[in-house]
Amino acid sequence: MNKIMLLMAALACAALFACAPSAVPIKSEVPDKESIPEPAATQAPSLEAVIEFDDAVLEERIRAELGITGRELTTKDAKGVTYLFLSTTPPDEKKITSIDALRYFTDLERLFLTGNQTSDLSPLSELKKLKELAIMSNQISDLSPLAGLVNLEDGLYLNGNQISDISALSELKYLKTLALGDNRISDLSALAGLTNLKRLELNVNQISDISPLAKQKTLRCCIWIKTLSLITALQPMFMNS
């Protein structure tokens with residue numbers, strides 16, 4: 001009897017498992033390696049951006065100075081350039097009108113642009129390493145872009161322009177040579193604090209008052225003013241310095 005009951009129980013269990021739903025396989029939450037998208041590669045900023053020139057004469061002279069032909073000039077070419085002579089000299093009669101591309105030459109220490117037709121100096125505001133700058137005989141009236149060039153020391157030559165306001169020069173404390181001849185200047189008050197000046201040129205202007213120069217103890221060289229009374233007034237300054 002016991003055997004019959006055990007047999008019946010076993011049959012019942014077998015029937016129960018046969019009716020149960022089959023187990024559903026659990027899908028892994030970890031995606032396959034092949035399905036994982038690779039992160040987009042970050043592109044390093046270019047160190048060789050092409051310099052855009054808006055003045056063909058400027059480009060021609062810079063190429064001649066750097067000795068580069070047959071390819072585009074890049075910012076890498078401009079890096080480390082400390083000297084550029086871009087003045088117009090006979091028999092060359094072509095003149096530079098825009099100096100916009102010079103803003104890329106941030107290592108410049110000496111720049112010569114005499115005898116051109118430049119009027120906008122704003123690209124020079126970024127050339128913080130400039131020690132000497134010559135832009136004589138151009139069409140300059142606004143000097144404000146030069147206000148921050150505090151490393152100008154060896155010389156600033158601005159003869160033969162259309163300058164009347166020189167207030168932007170008041171912070172150039174280390175300047176030793178300043179040439180402002182043949183302009184339209186009447187007020188010299190901006191020069192009162194330039195106590196390192198050794199040479200100052202003011203010929204052919206509209207100056208009547210030189211009192212701002214009274215404290216110039218380092219001034220040693222020529223102040224050219226075509227007015228006898230002013231020349232006489234300057235003599236005590238040199239005698240006392």
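Because the model is predicted, local features need pLDDT of at least 70 and side-chain atom pairs count only at pLDDT 80 or more, while totals for chains, interfaces and linings use all residues. Residues are numbered from 1 along each chain as its sequence is written, and side-chain values use heavy atoms, with hydrogens and water left out.

Helices (H or I, at least four residues) and strands (E, at least two) are DSSP runs, numbered from the N terminus. Helix H2 covers residues 56-66, and its buried residues are Val57, Leu58, Arg61, Ile62 and Arg63. Here buried means under 20% relative accessible area, exposed means over 50%, and partly exposed lies in between (1.4 Å probe, protein chains only). The buried residues of H2 pack against E1, where contact means heavy atoms within 4.5 Å.

At the start of H2, the backbone nitrogen of Val57 has a side-chain oxygen of Asp55 within 3.0 Å. After the helix comes Gly67, with a positive phi near 70°.

The largest nonpolar core has 52 residues. Such a core is a set of buried Ala, Val, Leu, Ile, Met, Phe, Trp, Tyr and Cys residues joined through side-chain atoms within 4.5 Å. Among the residues with the most contacts inside this core are Leu102, Leu111 and Leu156. H2 gives the core its largest share, three residues. Leaving aside neighbours within four places in sequence, Leu156 is in contact with residues including Leu133, Leu146, Leu169 and Leu178.

Asp77 sits in helix H3, residues 75-78. With a relative accessible area of 17%, Asp77 is buried. A polar atom of its side chain lies 2.9 Å from the backbone nitrogen of Thr74. Not counting residues up to four places away in sequence, Asp77 touches Leu66, Ile68, Arg71 and Glu72.

Gly80 is in the loop between H3 and E1 and is exposed, at 51% relative accessibility. Its C-alpha atom is 7.7 Å from that of Leu108, although the two residues are 28 apart along the chain.

**Aromatic rings**

The structure holds two aromatic pairs. Rings of Phe, Tyr and Trp (its six-membered ring) pair if their centres lie within 6.5 Å; planes under 30 degrees apart count as stacked, over 60 as edge-to-face and the rest as tilted.

| Pair | Centre to centre | Angle between planes | Type |
|---|---|---|---|
| Tyr83 and Phe112 | 5.7 Å | 50° | tilted |
| Phe85 and Phe112 | 6.1 Å | 40° | tilted |

Tyr83 lies in strand E1 and Phe112 in strand E2, so their pair ties together parts that are 29 residues apart in sequence. Phe85 also lies in strand E1, so its pair with Phe112 in strand E2 ties together parts 27 residues apart in sequence. Tyr83, Phe85 and Phe112 form one aromatic cluster. Phe112 is buried at 17% relative accessibility, whereas Tyr83 is partly exposed at 43% and Phe85 is partly exposed at 33%.

**Backbone exceptions**

Most residues other than glycine have a negative phi, and most peptide bonds are trans. Asp182 has a positive phi near 60°; this residue is in the loop between strand E5 (177-179) and strand E6 (199-201) and is partly exposed, at 43%. Val204 has a positive phi of about 55° and lies in the loop between E6 and helix H4 (228-240). A cis peptide bond, with omega about 5°, joins Pro90 and Pro91.

How values were computed: A polar contact is a pair of N or O atoms within 3.5 Å; within protein, one must be able to donate a hydrogen and the other to accept it, and residues adjacent in sequence count only if both atoms are side-chain atoms.
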